[in-house]
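The questions below go through one structure, shown here with its sequence. Each answer ends on what was asked.

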Amino acid sequence: MATNSTTTQSYKQLKEDFVSNLSGGSVSEIAQVCAVAPVVSLVWSVLQARQSFFRPYTPLGYAIDFLLNVGALLLSVTLYSSAPLLLNLLLLTVAAFVYIVPAHTRRKKPQLPPNAQSKKSSSEQPLGVLSTKPFLTNYRGNMLIVTCICILAVDFRLFPRRFAKVETWGTSLMDMGVGSFVFSAGVVASRPVLKERAEGKAIPLSTRLKTSLRHSLPLLVLGFIRLLSVKGLDYAEHVTEYGVHWNFFFTLGFLPPFVAMFQSALKVVPSYAGLALLLGVVYQVLLETTSLKAYILTGPRTDLLSMNREGIFSFFGYLAIFLAGQDTGMLVLPRTLSRTSGSNKTSGTVQRRSLLLNLAARSLVWTALYFFATDYKCGFGLTVSRRMANLPYMLWVAASNAVLLLAFYLVDALLFPSFYSAQDAKTEKELYDTATSKVLRAYNRNGLAVFLLANLLTGLVNMTVPTLDVGRVATVGILVGYMGVLTAVAVGLDVYNVTIKL
């Protein structure tokens, strides 16, 4: 009995050591791995735009959908982790081959007579102020899938240690993943703000706080459930990641009320990007000019605050990332209809060009700010730290996500330009469904619920499988099965029109 207990404790220590004291990898390699997602989107889009491969959506279509949007991303962090450029080239070759194959021609619907067209157009629902654009679904769906893959894959030896979360200083794929999760949440959170502005409403702070607390409560409950589960099951944990009791669900849960309060500051700083930068700079100044940095990194854990200092203080960095995401959402979610243009085509062209230029400008600005913050010759020579969520980390996440959004948008605009010329809600919905993967739509619809299920399955696998002793083939098999279950649940919920709001 004592031997079993000792063995359990030593194995737990081995697992904790396996994810501790890591230094990460290069920004360029992380960018190459992240590039797999928009390249996969390109392959899927070429298949759909040129061959109508996913219309109708057959079992074979689902299999290819899964292999592309899940399988390729899984390969990028396992078997192809040392050669992401090769994987990208292989995928681009597939896209080029599919593109040069003669396009599949679908039978056009018979044209309605002019009087019938006018009656139909009069009954069509007009477009709303906001638009659910295909490239946003592709971006967020891929981000959720990579996150779900990594939270389990990190416990296996096949997953490179340089991709796992860094101890203190440096960059890694999982560090980018957790920041991207918050950034994408900020993009989505801009929708109610835009609706409020479109309707000309001025919601008081007290009402916004009440609404935000309703969103926070389920996440905080999940945080406490995770805390009790980890402590009760003696699960391996990395204390310097968030602290003794804090976890990522607490960070997500406290974001809504703080964002609601910061919304009042827009009267002073009329830009979410400006607020994000202001918060990030003030936090960085405090880190550099006070003892805060030393306290976070080396302080003794004597009370509740010091025990959870990483989670509590990094929250301000994540809040800045969320606000940066919200600024991007304010750009990409509104629909800009040109009522004076002579044709639908012209209107769509104007919209695509405007969005392209704005996304490119955002990408350039965030990237330049990251360069000046981290470069030793031309800038401040600061180092990225996800543990503190400092200013360089915030700028790195914002720049990377802005570039990714630009890449996804380019695929969207090149292969499905007709979406931006739709003149009624029904047509736009049909074009949206045509331009987006069913798998990615399913992950988007119940993203937080699927992420919670991924955490539960990760715990189950770790409690039943000695992950450190599993070979390459078995590791890939377990990860494919795990992602197969997650995807089947997500798609099943979508098919039965079930939305789980947390």
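Q: Is C150 buried or exposed?
A: The model is predicted, with residues numbered from 1 along each chain as its sequence is written, and local features need pLDDT of at least 70. Side-chain values use heavy atoms, leaving out hydrogens and water, and side-chain atom pairs count only at pLDDT 80 or more, while totals for chains, interfaces and linings use all residues. Buried stands for under 20% relative accessible area, exposed for over 50%, and partly exposed for what lies in between, with a 1.4 Å probe and protein chains only. C150 has a relative accessible area of 4% and is therefore buried.

Q: Which residue has a side chain joined to that of E29 by a polar contact?
A: E29 lies in helix α2, residues 27-34 (helices are DSSP runs of H or I, at least four residues; strands are runs of E, at least two; both are numbered from the N terminus). At 16% relative accessible area, E29 is buried. Beyond four places in sequence, E29 touches S81, R162 and F163 (a contact has heavy atoms within 4.5 Å). A polar contact is a pair of N or O atoms within 3.5 Å; within protein, one must be able to donate a hydrogen and the other to accept it, and residues adjacent in sequence count only if both atoms are side-chain atoms; at 2.9 Å, the partner of E29 is R162.

Q: Which helices do the buried residues of α18 pack against?
A: In α18, residues 425-435, the buried residues are E428, Y432 and A435. They lie on the same side of α18 because their arc around the axis is only 70 degrees, taken from the directions from the helix axis to the C-beta atoms. Their packing partners are α3 (36-51), α7 (134-153) and α19 (438-445).

Q: What is the mean pLDDT of the protein?
A: pLDDT is the predictor's confidence in each residue, from 0 to 100. It is below 50 over residues 116-120 and under 50 over residues 337-343. Where pLDDT is low, the predicted coordinates should not be read in detail. In the protein, 92% of residues reach 70 or more, and the mean is 89.
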